Amino acid sequence: MATGRTVLKWVDFYADGYNLTGYGRTVGPLPWEYEEVELTAGMGDPVKGYLPGEVTIGGLTYHAVLEDTALVGSHARLGNPGSYNVVMVPFGIRAAVEIGDPVYAGRFEQLAYRVVDDGKAVTVDAVYGQPHITTLLNYPKPWGLMLHELSAETAVNAGTGDSVDHGAQTTAGGYMVYQVFAAAGAGTRTATIKVQDSDTNVDGDFVDLPGATTGVIDCINPVAGIHQCAIGETVDRWLRWQIVLGTATSVTFALSFVRGR
Amino acid sequence: MAIALGLETVLTSIANLTVTDVQIRDIDEVPDAGEFRTSMLFPDPEGFITAFNVRRDSTGGGGTALMTVTYTLNYRFIFVPAGSLRNLANIYGNLAAKLIAIIEEMLENDDIAGAVDMEVQEIPTIGAVTDPSGTTWHGCTLSLRVTEFVN
């Protein structure tokens, strides 16, 4: 994982288990804002402040090239406004996205799909609004770190190289966001994807983080989701991805985690 | 903070790219003349770097500010000496194939060491080009647009 600045070509865009990166031109803004409020104080002086906890996350536009390949093209994936999508926007730092890179994620309602003429390519705007109203997160924070870049795994994570140092333990829970893009195996290709934590970067010390698991899911079709820890859950300093293969023999997925604060 | 441009590294990175049967030369390997039976891509001695631009991305004086540096690197590709072969159609067919291979290699390696991005900007001339000695070759000129982060 590199640190520092980056350029747009290394920004990915995943939605509901589909990697739309190759079609994208720009994405943003990626808002994380607190509502401003005006109150009148006793002396009649205007007082301005913000509403703690009343966060606004979302409202983003994915500007992409129109491409109509069945199922996986930008037209097939984005041309269905009025639906909710689990979106991940990871930022590779001067290189392809890898673990430890920053990621903006959430479940947002796609409000519009517009064809935009830029004079050359036929492009589209996919406009996303606020997070899903019935599955609002307990955490007013959209930015996390990648625990697993988009790639395939065929075995459990038993190493220490695929872990992310978050600097310190926290006691404010958090949530994981995952995208499963493809899988091989038998039947419905089941697997469990989860987050493990540890106070040291030693393989045997990592244990499952309560709440941060998909449970057994079918990976035969692309799927994405969000799973939250309990508020106040202790999350140790080191985090890593973990997978338990069921009938799947290989799962291609991306995983991120957002620490509560 | 000492400013460090990656230009030299970029030039070496380009020279280290691989195209079958084409020598790609570094800035300290510009030939005095073309070599018969050797296709060569080398820094253009006449205007090697053009459109050099520095943009400050942040506040800060001297070497502190974050900056984006962009510049165009101009190369010449010499394929065969003009008049060395009779069949012009055959020459141009092979020249085009070699040029395509060069472009593909450049496009595939857009994050070479020393730069954050490299794009093939344009090929302003395909046809008669000269080597540094003034001999005319079949070849082309090629421009690469490079982006660097400084600090």
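This is a predicted model: local features need pLDDT of at least 70, side-chain atom pairs count only at pLDDT 80 or more; totals for chains, interfaces and linings use all residues.
Taken along the principal axes, the C-alpha atoms of chain B fill a box of roughly 60 × 30 × 25 Å. Chain B has 151 residues, of which 25% count as buried. Contacts between residues at least 6 apart in sequence can also be sorted by their separation: in chain B, 61% of them join residues at least 24 apart.

The helix α1 of chain B, residues 7-15, shows where some of this burial lies. Its buried residues are B:Val10, B:Leu11 and B:Ile14. These three cover an arc of only 100° around the axis, and they therefore sit on the same side of α1(B). Among the elements that cover the buried residues of α1(B) are β1 (22-24) and β6 of chain B.

Strand β5 (residues 117-130) and strand β6 (residues 136-150) of chain B pair in the antiparallel sense, over eleven bridges. One of the residue pairs can be picked out by eye: B:Val129 has B:Trp137 in β6(B) as its bridge partner. The two strands form a hairpin with five residues between them, and in the turn B:Gly134 has a positive phi of about 95°. As background for this and the sheet described further on, strands of a sheet pair through backbone hydrogen bonds, either parallel or antiparallel.

Chain B also touches chain A. Five residues from chain B and five residues from chain A take part in this contact. On the side of chain B that touches chain A, three residues are nonpolar and two are charged, with no polar residues.

Turning to chain A, the domain assignment gives two parts: domain 1 (8-31 + 57-135) and domain 2 (148-259). The centres of domain 1 and domain 2 of chain A, taken over C-alpha atoms, are separated by 23 Å. Where these domains of chain A meet, domain 1 contributes 14 residues and domain 2 contributes 16 residues. On the side of domain 1 of chain A that touches domain 2 of chain A, the elements giving two or more residues are β2 (18-19), β7 (84-90) and β8 (102-117) of chain A. The largest share of that side, three residues, comes from β8(A). By class, the residues on that side of domain 1 of chain A divide into eight nonpolar, three polar and three charged.

Chain A also holds an open sheet of four strands. The order of its strands is β11-β16-β13-β14 (chain A), and the pairing is antiparallel. At the edges stand β11 (163-165) and β14 (207-218) of chain A; each has a single partner strand, so one side of each is left without a neighbour in the sheet. On average, with direction ignored, neighbouring strands of this sheet are turned by 15° against each other.

Although A:Thr170 and A:Asp236 are 66 residues apart along the chain, 6.4 Å separate their C-alpha atoms. Leaving aside residues up to four places away in sequence, A:Thr170 touches A:Val235, A:Arg259 and A:Gly260.

A second residue of chain A, A:Leu60, belongs to strand β6 (residues 60-65) of chain A. A:Leu60 is buried, because 21 other C-beta atoms lie within 10 Å. With residues up to four places away in sequence again left out, A:Leu60 touches A:Val27, A:Gly28, A:Pro29, A:Leu30 and A:Tyr128. A:Thr252 lies 192 residues from A:Leu60 along the chain, and the C-alpha atoms of the two are separated by 26 Å.

Conventions:
Residues are numbered from 1 along each chain as its sequence is written. Chains are lettered from A and ligands numbered from 1 in the order in which they are written. Two residues are in contact if their C-beta atoms, placed from the backbone, lie within 7 Å. Ala, Val, Leu, Ile, Met, Phe, Trp, Tyr, Cys and Pro count as nonpolar, Asp, Glu, Lys and Arg as charged, and the others, Gly among them, as polar. Two strands pair if DSSP finds at least two bridges between them. Axes are lines fitted to C-alpha atoms, for helices over the stretch in contact, and angles run from 0 to 180 degrees between N-to-C directions. Domain bounds come from an automatic or database domain assignment. A residue is buried if 20 or more other C-beta atoms lie within 10 Å of its own, exposed if 12 or fewer, and partly exposed in between; C-beta atoms are placed from the backbone. The arc is that of the directions from the helix axis to the C-beta atoms.
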